[in-house]
Amino acid sequence: MQTPSKKAGWAPRSLMLLMMVYLLLPLLATMIYAFAKEWQATILPESWTLEWFGGMFQDARFLDALWKSLYLCAISIVLSLAVMLPAVFIITVYLPRLESFMKGIVVLPYAVPGVVAAVGLIRAYSSGPMNISGTAYILIGAYFIIVLPYMYQGIRNSLLTVSAPELLNAAEMLGAGRMRAFVTVILPNIWPGVVTSTLLSFSVLFGEFVMTNMLVGGHIQTIQVYLSRRMNESGHLASAIAISYFLFILALSMILMKLGKKVNRGISE
Amino acid sequence: MKPYLKLEGIRKQFGTTTVLNQVNLDIREGELVTLLGPSGCGKSTLLRCIAGLTEIDEGQIWLDDKDIVNLPPRSREIGMVFQSYALFPNLTVRENIEYGMRMRGAAKEARRQRSDELLELIDLADKRDAYPAQLSGGQQQRVALARSLAVRPKVLLLDEPLSALDAKIRKNLRMEIREIQKQFNMTTIFVTHDQEEALTLSDRVCLMNQGNIVQQGTPEELYAKPSTEFVARFMGSYNVLTRAEALRLFGAVPGDGESYAIRPEALTLVGQDQETDLGHAGKPIVEGTVHSASILGNVIRYAIDAAGIRLTVDALNDGRSRRLEENRKVALAFDLAQLLQLEKEGA
Amino acid sequence: MKRKNRWYLLGLLPFVVMVALFQLVPIVSMLTGSVRPEDGAGMTFGYYARIFQSDYYLKAIQNSLLISVFSSVIGIVVGLACAYSVTRFAPRMRDRLIMVSNMTSNFAGVPLAFAYIILLGSNGVFTLLFKQWGWDVFAGFNLYSWSGLVLVYVYFQVPLALLLLYPSFYGIREQWKEAASLLGASHWQFWRTIGIPVLMPAVFGTLGILFANSMGAYATAYALVGSNFNLLAVRIGNLVSGDVVTEPQLGNALAVILGLSTLLAVYLNHKMTQRLHRFQPGSAERKVRSRRKWSRLKSPALKEEL
């Protein structure tokens, strides 16, 4: 009937404090390093500067890498949406018997590490009829598989929570064709869930390194690959990039969280 | 007779809201008392206070001549059944039932024997090795009951034990609970918000509202003589009238109360059936119009407008009388002796 | 259903093609590649035999296993303590704490390795500070070694463990504690007989995920130690797409071994989740909702390393 008043004792408090310090320290260090002119053997740097951030935007290779990351992610996600929306819809609504099979397919990217997946891709497409290794095509294909679990679960859950099969029946009984019903009734209702999985997928792909480095590392530099190459040259510049990247992802997850709350409020209770 | 469980001046506040306001209650050994009331009236909190799960701000609790206020729950010798069963999911039915004995260090054979007995009693012997998740709601609740009985508590507390179940199972299970309670002569407090449940089950009903026990008595007393408007409304479909309304309807009223109540079956439709009409010969009569009628099994319940007041009137559905159509003019016979004068709220 | 035309199945075609091309074909190709001799005919287990006879590769496997076991166990212990602590806070504070750990779980891979280099690398701020202050406790510590890797791995394991575990603490209902206390159980007895057993499937399941996560971790190790430290994932990367690709077939065989180990770990997680469902049967709807939560929590953390 009533919840007991929650006040954390000293043990949970100090433990969480320790953990927060542990988790935030590397972030903080990177941040300070990005703003520091010189930082050695002192707790805080002696002088500050914005030149690293400035340098970042003057670096043509950085801008190029950023642009490549953005458009590769965007293309992969658009492709994924175009393929997954109809597929998940058909399976959830018309072929629910295939769901357990789908779950197996979708969980594979979780279970197979990127390194392993990359090995398979490289062997399969380095020769023969589809020689696409080292190109953007193989990367987009790999990206498609990486976001498969997020897209599948996101779309499927939205479909189930809006009771798509019932909605569809209702629409069809009112005389709407199947295609029309999908576009006018289902899509608008699952939209928030789809946006959420899209953003999530985006942040996943933006941070992807393993596959990118192994599949196309020598030919296409995304932001992560670029970062790993620059790390040893200029630490400060690398920090600036890392922090900017992190802030970008942070903003994305904030939006995600807000959306998630909204979506959840919409469905539950 | 000396009370077995005695509550005196129990007070409990959550923040600034008073949940229990000086509650006093005496319960005899072997008695089944129901705490009845709308949600938020404090009945569950009172139960939790007795169990020791919620600390009280003020007051005293005596159980079998022992002050138990400062005892932790596990030393109070009180059993409790929760609305959500609260069975331990990782233990089988038998392990659940034996849990209390295990915690008290009972020997394995003694535990076995007792749990076999109880499994027989709740008729779930064939499910002894099942996990709670494999049982239906009703079965789970029977296991929860057996689990709390296993340690032979002095008092059994039941916190809305039936409200998560289907209507049919609910009715069966409440008879079962009553039988087991009588068989063990178990002092029991039963919390519910369902007045029918309270009336069918209890030796005594305590109706609670806003942290107070507003009226207590046998089910018959509570039903026949509600003391306040709240009780009258909660106990049944009483017609509650202001003094002015009662005067308008009946011409004269007993006493000088501000409000009155009359049961729906105390108003009789006349002019339907000569035999029953005879019984009402000479009684005063009020004219009215039928607004609507609904059949509740053996009773037809009418809403009748009379003197600008909508009244609920029950007529026996015995096959002789037909349901009256809407807007029909009718006459109502009444007996002023059946008109109850109500006390002011909170008096 | 029968009479309806089935043209809508066409909508599945692109999906089937994409999954076949980029998921199934590569896996099959890798499997066949690991047993096909260099001349291209017949079948051989020679690569596996070589791996298991080579100290070098055995060492890589051993290192990976050890680091994964260590970082997962540390991760789960710390994660459990943190998860319990988190549930002790009021909802507002709890959500903030969860948000921070969720946020830092985005901070993995290359940037994370980099941050640790800044802090504890050979010219790291703390390294120099400690040297200056004369603290020699850390003198033996080397970020680019085994202990350094464990430290960094633990960093991304802890938030993941926390995120995966804390919901299961809410699975332990307050009323179980109350029922147990009325039945005579002490606080400790309750945890021993009910609380911990109920948590166990989640703990083992999470352990499986953590293990798979660190077995497959490549980015962090690559950025931190490059090829200087002998790890399975890094070894595979070098064999297949290094600067000088020497023996891709050997890479295939190693990848199969790595894939099997993570599959096994994820399978453990799957089994444990089923176990959990035995405890918590619910309406289908509730399952969907909890899964949605599950997936949302799981995803941001998993993405980088798996």
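View 1. The model is predicted, so local features need pLDDT of at least 70 and side-chain atom pairs count only at pLDDT 80 or more, while totals for chains, interfaces and linings use all residues. Residues are numbered from 1 along each chain as its sequence is written, and chains are lettered from A and ligands numbered from 1 in the order in which they are written. Residues 181–206 of chain A are 100% helix and 0% strand, with end C-alpha atoms 34 Å apart (helices, H or I of at least four residues, and strands, E of at least two, are DSSP runs numbered from the N terminus).

**View 2. The contact of chain C with chain A.** Chain C contributes 77 residues to this contact and chain A contributes 75 residues, where two residues are in contact if their C-beta atoms, placed from the backbone, lie within 7 Å. On the side of chain C that touches chain A, helix α1 (residues 13–35) of chain C gives the most, with 13 residues.

**View 3. The annotated domain of chain B.** The feature "domain: ABC transporter" is placed by UniProt, in an unreviewed entry, at residues 5–235 of chain B. This span of chain B is 37% helix and 26% strand, and its end C-alpha atoms lie 26 Å apart.

Technical notes: UniProt positions renumbered as here; feature names shortened; annotations may be inferred.
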